[in-house]
Amino acid sequence: MTEYVRGLDISHWQGRIDWQRVKDAGYVFAYIKASEALGTDSMFRTNSLGARNAGVLWGAYHFLRPGNTQAQVNHFLSLAQGADLPPALDVETTDNFVGQAEAWLQEVEARSTAPIIYTRRSFWDSWLNPNMPQSRNLSSRYRLWVANYEREVPLLPRNWNAWLFWQYTDKGRVLGINSNVDLNYFSGPAEQLFNINYKPVPPVVEPVPTSTLGFDAPIGTFDERRSLQLWPGDWIDAWHPRSGYAQKYTDSAGHTSYHTGADLNKNKPVWDSDRGSPVYAASDGIVRFAGRIGNYWRNVITIEHHLGNSIVITRYAHVDNMLVSAEQSVTRGQQIATVGHSGPNGPYHLHFDVSLTTALLFNPGHWPGSNLAGVREHYVDPIEWIRAHRPTV
Ligand SMILES: [Zn+2]
């Protein structure tokens, strides 16, 4: 049998991996799960850094889910920057998959390099009539990563006549990995693996900087924001002297709700002193949404921050004069808007909350309302969050 170049593909299911032992065992490349829908694989950053540090060539793959194709591309490309191998698309769900897969592939190709398609014959041939033009379009345009286990040569989906990568088992055992792992071959000689390299074009989507700077309050003067007082200066939270997080109240639409964060007001020296005050990014990150959501939220900005492998989303609502737009990077303390008011004639204040889930990426107007468990699942007390993550400089 031909001696192919050996590699593997992994996700968080493999747990923590000793990449140096994987490298020493002769594995040259790894495809690493980066994203599924708009979520990030919990071990992606650990794995991609580990592979890079051990000298294992790596590529990122995306698990396509129905809907939000553009947002899925944006999210994936923000993670795949710096990869060595072409992006890969894992298509295993059948909902509208031809049209959506085509759209994802074309968009990623336009913005980085031609992706490869991960699939298996039984799936592809049963969901794509091989006589359909789409099947020939996809197979002539994109190279194949085929899954077919325990065979001398893999069975190819129709309309492909060659494979680039072959996942030949899902029950591999490799030193440095404490569970079964998918093993793969690369079809060409090793030198070619370096030549099929992912060729990053200047990124359209900037990677989210990993913040080491910590978080400040989003309002107050520079000195107030750097102080240890929360909330800073004369700012208060409308629903509680200290923190209105998870407090029961009546929202600006007149419904009973548990508050997700803080409603920041400044009524000294005069009432509505907060009106038009600057609103600042609480930490370094990428703006994911900046736009209007109805007449109660009015203008909303969400910013994605990364702390190690954790995603943190901060939201700034009811703002005016937005100074940023989606996919723009911002730094801690950068002004992003001014304080506006909620509802058609609601009071001036900044609604500010902090989420450790991706709920706000899917829906910047996310609001659990009277569901207290939903508030606790998706949001943390912003005072406690900021206090625990103060800047070191
Ligand atoms: Zn609020």
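Predicted model: local features only at pLDDT ≥ 70, side-chain atom pairs only at ≥ 80, totals over all residues.

Modeller: Two residues are in contact if their C-beta atoms, placed from the backbone, lie within 7 Å. By that criterion, seven residues of domain 1 are in contact with six residues of domain 2. On the side of domain 1 that touches domain 2, β3 (39-40) and α2 (44-54) each supply at least two residues. That side of domain 1 has one nonpolar, five polar and one charged residues. Here Ala, Val, Leu, Ile, Met, Phe, Trp, Tyr, Cys and Pro count as nonpolar, Asp, Glu, Lys and Arg as charged, and the others, Gly among them, as polar.

Biologist: Where do domain 1 and domain 2 lie in the chain?

Modeller: The assignment gives residues 5-195 to domain 1 and residues 222-388 to domain 2; such bounds come from an automatic or database domain assignment. The C-alpha centres of domain 1 and domain 2 are 38 Å apart.

Biologist: How many helices and strands does the protein have?

Modeller: Helices (H or I, at least four residues) and strands (E, at least two) are DSSP runs, numbered from the N terminus. The protein has twelve helices and 21 strands.

Biologist: Which residues of helix α4 are buried, and which are exposed?

Modeller: A residue is buried if 20 or more other C-beta atoms lie within 10 Å of its own, exposed if 12 or fewer, and partly exposed in between, with C-beta atoms placed from the backbone. An α-helix has 3.6 residues a turn, so residues three or four places apart point the same way. In α4 (residues 97-111), A101, W104, L105 and V108 are buried. They cover an arc of only 95 degrees around the axis, which puts them on the same side of α4; the arc is that of the directions from the helix axis to the C-beta atoms. On the other side of α4, G99 and A110 are exposed. The buried residues of α4 pack against α3 (69-80) and β5 (88-90).

Biologist: Which residues are buried in helix α6?

Modeller: In α6 (residues 133-141), S135, L138 and S139 are buried. These buried residues fall within an arc of 95 degrees when seen down the axis of α6, so they line one face of the helix. P133 and S140, on the other side of α6, are exposed. The packing partners of the buried residues of α6 are α4 and β6 (116-119).

Biologist: How should I read the pairing of strands?

Modeller: Two strands pair if DSSP finds at least two bridges between them. Strand β15 (residues 285-293) pairs with β16 (residues 298-307) in the antiparallel sense over seven bridges, and I286 has E304 in β16 as its bridge partner. Two bridges also join β15 to β18 (residues 329-330), again antiparallel; there, V330 is the bridge partner of G285.

Biologist: Is S342, in a loop, buried or exposed?

Modeller: S342 lies in the loop between β19 (335-339) and β20 (350-355). S342 counts as buried because it has 21 C-beta neighbours inside 10 Å. Not counting residues up to four places away in sequence, S342 touches S252, Y296, R298, H318, P347 and H351.

Note on methods:
Residues numbered from 1 in each chain as written.
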